[in-house]
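Take a look at the model below. Then follow the text from one chain to the other.

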Amino acid sequence: MNPLTLGRHLIERLGTEVISGIDGVGRMTNYLMRYFYWQTKPPFRIRLIFDQLYFIGNKSLFIICLAGSFTGAVMAYQTYFGFKLINVDSLVGPVVAITLAKELGPVLAGLIVAGRAGAAMAAQIGTMKVTEQVDALEVMGINSVQYLAVPRILATTLALPMLAAIFMFVGNFGSWVVGTKALLIDEAMYFSKLGEFMYLQDIWQGLIKSIVFGFIIAVIGTYFGFQVSKGAEGVGKGTNLAVVWGMISVLVLDYFLTSFLIQVL
Amino acid sequence: MLKFNDPAISIQNVTKKFDDHTVLNGLTFDIPRNKITTILGFSGAGKSTLLKHILGLLKPSSGVVEVLTQDLGLLDRIALREFRRNFGMLFQYAALFDSFTATENVAFPLREFTDLDIDEILDRAHGILDSVGIQKISHDKLPSELSGGMRKRVGLARALALSPQIMLYDEPTTGLDPITTKMVNELIVETAKIHKDRGLTSVIISHDVRASLAISDYVAFLDRGNIVEYLPAKEFANSPNPLVQEFVNL
């Protein structure tokens, strides 16, 4: 291929990607506007929100507790052997607690929920789309965004901070068990340093982050569910995109939220 | 072209374009009240687009769609949603909510749009399921546990739950075996008869020319976004239109 043709192909490809990106942003903006519009309109289906809270919150408890306890435990181990070298091993408790509160709690709980609930949302709505169940709702005069997306987004926004708080709690429990029972850090010292260095703002920072993560994960999960077309293959693709973009959003947003919250809290 | 006084649906010079592609092209025709009318046509003729215009799910690029004397173009989003309660629709594959049982599927529109208490809703749902021939033993089954024909019956029961003025059938017999096809056709005729007193209008979108001629009062033939033939079902097979003849004799 001569350089001119290659250059033209590259520019065309770049143009297509840019147009597709702008199109995607436009669709997402339009979807968000529809969500905010329908969120405020009656009927408010409280039962559906509780159903989703049960699925997203309660059904994620086991994996959150498992991940939280082992994350706290391993963090305690890793920091202990580093801190021991400079004789500050009593700081293991607050370091693990602050890390869990500010970063690991919201981010890991967010990644778990993106993988579990975000994928389920895209798959459920996508399957309903390809089997005309979404059309059936619309024909009945029920807005599909209001019926399917609003309860899921509200429930995830509510559930993720609770899951992140549980992650923090069991993570600290894991850290306490390893720190004081296995590594023999003095228990009184462990709690004294924890009280000295840990502030309420640290927990607030994590909870605020997890509220934003919960909202974004559910918006992305439901959005890709509604975008599904072309049968089972489309459902698989939509689910995959929901998980990938949900996780990317959590990680990227974490940086921006951290830099913002550090300034304001 | 057939003309009716006080039609249930009146399509007036409707054109629909998607970018440069014209799907409906100055379409004009009426669908009479209290009758079964079938719209036939090849794939891509614009049948589904027409159906979406009748339901108000799509807006025409130009022209007017009137349903029960209401110009759909004059309704705002909320009013249009409420207006859609005049329709019942049986989807090609029934489109039952797969996490709900048969009873829950039929109860769903009653729960959403009426103030009835739960016992009354369940009573009504069971009554409608009985009326379309679903036995009690199947009332609490999930759609995945029902046969194709039974799913159609439950889909019809759900569509009839709010006593619609207009029943729309989207390819009701596509993909069904001959016995189930016969059953679905009989069900359509039976439903029209039972609800004749309250003026139920039935509109069928179909490829199935034989069934259409057998069960319909009127048959229209859609080709490239326009009605090229519209006759009483008894006369349709004798249409001189070569496209219709090709379709009838396939």
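The model is predicted.

Start in chain A, with helix 3 and helix 6. Helix 3 of chain A runs over residues 61–85, and helix 6 of chain A over residues 144–182. The two pack at an angle of about 45°. Their axes lie 7 Å apart. Angles under 35 degrees would count as roughly parallel, and 65 to 115 as roughly perpendicular. Helix 3 of chain A and helix 6 of chain A are therefore oblique to each other. Their crossing is right-handed.

Which residues make the contact? From helix 3 of chain A come, among them, Ile64(A), Cys65(A), Gly68(A), Ala73(A), Met75(A) and Tyr80(A). Helix 6 of chain A contributes residues including Leu163(A), Ile166(A), Phe167(A), Val170(A), Gly174(A) and Val178(A). Sorted by class, this contact between helix 3 and helix 6 of chain A has 15 nonpolar and nine polar residues. No charged residues take part in it.

Now move along chain A to helix 8, residues 200–226, where Ile216(A) is found. Is Ile216(A) buried or exposed? The cut-off for a buried residue is 20 or more other C-beta atoms within 10 Å. Ile216(A) has 23 within that distance, so Ile216(A) is buried. Leaving aside residues up to four places away in sequence, Ile216(A) touches Ser249(A) and Leu253(A). Arg116(A) is 100 residues from Ile216(A) along the chain. The C-alpha atoms of Arg116(A) and Ile216(A) are separated by 14 Å.

Next comes the contact between the chains. Here 11 residues of chain A are in contact with 14 residues of chain B. On the chain A side, the residues that touch chain B divide into four nonpolar, four polar and three charged.

Finish with chain B as a whole. Chain B has nine helices and 10 strands. Its radius of gyration is 18 Å, close to the 18 Å that the globule rule gives for 250 residues, so chain B is as compact as a globular protein of that length. The C-alpha trace of chain B spans about 50 × 45 × 35 Å along its principal axes. Of the 250 residues in chain B, 41% are buried. Consider also the contacts in chain B with a separation of 6 or more: residues 24 or more positions apart account for 66% of them.

How values were computed:
Residues are numbered from 1 along each chain as its sequence is written. Chains are lettered from A and ligands numbered from 1 in the order in which they are written. This is a predicted model: local features need pLDDT of at least 70, side-chain atom pairs count only at pLDDT 80 or more; totals for chains, interfaces and linings use all residues. Axes are lines fitted to C-alpha atoms, for helices over the stretch in contact, and angles run from 0 to 180 degrees between N-to-C directions. Helices (H or I, at least four residues) and strands (E, at least two) are DSSP runs, numbered from the N terminus. Angles under 35 degrees count as roughly parallel, over 145 as roughly antiparallel, 65 to 115 as roughly perpendicular and the rest as oblique. A crossing is left-handed if the near helix is turned anticlockwise from the far one by less than a right angle, and right-handed if clockwise. Two residues are in contact if their C-beta atoms, placed from the backbone, lie within 7 Å. Ala, Val, Leu, Ile, Met, Phe, Trp, Tyr, Cys and Pro count as nonpolar, Asp, Glu, Lys and Arg as charged, and the others, Gly among them, as polar. The radius of gyration is taken over C-alpha atoms; the globule rule is 2.2 Å times the number of residues to the power 0.38. A residue is buried if 20 or more other C-beta atoms lie within 10 Å of its own, exposed if 12 or fewer, and partly exposed in between; C-beta atoms are placed from the backbone.
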